[in-house]
Amino acid sequence: MASHRRPKQPSRMRVTVLTATAAAAVALTAQGGAQAAPAKPKIDEVKSKVDALHHEAEEATEQYNLADERRGKLQQEIGQLQDKVARGQQELNTLRDQIGSVASAQYRSGGIDPALQLFLSADPDTYLEKASAIDQLSAQQADVLTSIQAKQRTLAQQRTEATTKLADLEDVRKTLGEKKKKFQTKLAEAQKLLNSLTAAEKARLAEEERAKEQRASRDAGERMNLGNEVPANGYGAAALAAAATQIGDPYVSGAEGPNAYDCSGLTQWAYGQANVQLTRTTYTQQNDGVKIGRSQLKPGDLVFFNSLSHVGLYAGNNTILHAPKPGASVRYESMDYMGTFQFGVRIGG
């Protein structure tokens, strides 16, 4: 007969061990899940990465501007060459008409000079190489043929030059696309990092940026009032005064004003108000005047930083006026915060 004894209950010790084991398993699982999810970057780390990306974007922007300036020059040169070719072709047609008129007159008077007939049926360059044939022409006919030969050679050279420049233009357009994509990518990466912040963290960064601008402007005003440095010249004084009217306008990659700027766009615009035409980029503006050292700087001089990736206007007493970076506005700032100083450039002597 089967036994109907009740199942044996687990001991208190066994229950405790099982409970502890289960708790440990849950803890390990939770720990493993925490390790699988990467830790969210801290706000200071995000700010540092964003600043680095903005610096890379600024470099790419200046390279883009340089290629764009080159494109404009090539288009102008190509247009001038095409105009020359068109005028030259017209002059060549006129010279050929003159030879045709001579041939017609000779035909009406009883026949075409054999030498002229040979010219009209052959390449002038080939024909003129035959000195004996030239002797059979009149002096006037020989002059016309020589002019045709010279014009044809000039036209061939101009067409070759235009073809080369058109190929260069295509290369520059390709470079433009690459540089534009690069700085847009860097800016997008920076924005993605900023978007990873909470609303409170974004507000904190924005407040820090506003405070920095206010502090920089206040400190710059104090330094300039203490020094009252004399501007480099009238051009520099006018350019600095013009740039000061743009304080608060935003930095925008590739912008040339009047309501937004990148760094070299601001300096070009400011000197434009002083009736001085600067080139478009940091890489070319360095050659628009005379290079000087830090101790020689005077208000209005251009100042270059960080391997020529950034430029501003020296405002006196170790202060510059510049368009800093994406997310910031035109402002005064101490040169101590600008990174590696390269040199200054004085415009207008």
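Two strands pair if DSSP finds at least two bridges between them. With that in mind, welcome to this predicted model, where local features need pLDDT of at least 70, side-chain atom pairs count only at pLDDT 80 or more, and totals for chains, interfaces and linings use all residues. Residues are numbered from 1 along each chain as its sequence is written, and side-chain values use heavy atoms, with hydrogens and water left out. Helices (H or I, at least four residues) and strands (E, at least two) are DSSP runs, numbered from the N terminus.

**The sheet**

- Six strands form an open sheet in the order β1-β6-β2-β3-β4-β5, with antiparallel pairing.
- The edges are held by β1 and β5 (331-334), each with a single partner strand, so one side of each has no neighbour in the sheet.
- From one strand to the next, the twist averages 40 degrees.
- Antiparallel strands β1 and β6 are joined by three bridges, and Val290 stands opposite Arg346 in β6.
- As a general point, strands of a sheet pair through backbone hydrogen bonds, either parallel or antiparallel.

**Helices against the sheet**

- Helix α8 (residues 234-244) lies across β3, β4 (319-322) and β5, and runs at about 105 degrees to β3. Axes here are lines fitted to C-alpha atoms, for helices over the stretch in contact, and angles run from 0 to 180 degrees between N-to-C directions.
- Helix α9 (residues 263-273) also packs on the sheet, where it touches β2, β3 and β4, and its direction makes about 50 degrees with that of β3. Contact means heavy atoms within 4.5 Å.

**Salt bridges**

- The whole structure holds eight salt bridges (a side-chain nitrogen of Lys or Arg within 4 Å of a carboxyl oxygen of Asp or Glu).
- One of them links Lys165 with Glu77, with the closest N and O atoms 2.8 Å apart. Lys165 sits in helix α6 (residues 139-195) and Glu77 in helix α2 (residues 43-108), so the pair ties together parts 88 residues apart in sequence.
- Lys165 is buried at a relative accessible area of 16%, while Glu77 is partly exposed at 26%. Buried means under 20% relative accessible area, exposed over 50%, and partly exposed in between (1.4 Å probe, protein chains only).
- Asp301 and Arg346 form another salt bridge, their closest N and O atoms being 2.9 Å apart. Asp301 is in the loop between β1 (290-292) and β2 (302-305) and Arg346 is in strand β6 (residues 341-346), so this pair ties together parts 45 residues apart in sequence.
- Both partners are buried: Asp301 has 0% relative accessibility, and Arg346 has 15%.
- Arg331 bridges to Glu333 with the closest N and O atoms 3.0 Å apart. These two point one way from β5 and Tyr332 and Ser334 the other way, and all are buried.
- Glu256, Asp262 and Arg280 are linked in a network of salt bridges.

**A look at Ser309**

- Ser309 lies in the loop between β2 and β3 (310-316), and counts as buried at 0% relative accessibility.
- A polar atom of the Ser309 side chain lies 2.8 Å from the backbone oxygen of Asn306.
- Leaving aside residues up to four places away in sequence, Ser309 touches His55, Glu58, Glu59, Glu62, Cys263 and Thr282.

Methods. A polar contact is a pair of N or O atoms within 3.5 Å; within protein, one must be able to donate a hydrogen and the other to accept it, and residues adjacent in sequence count only if both atoms are side-chain atoms.
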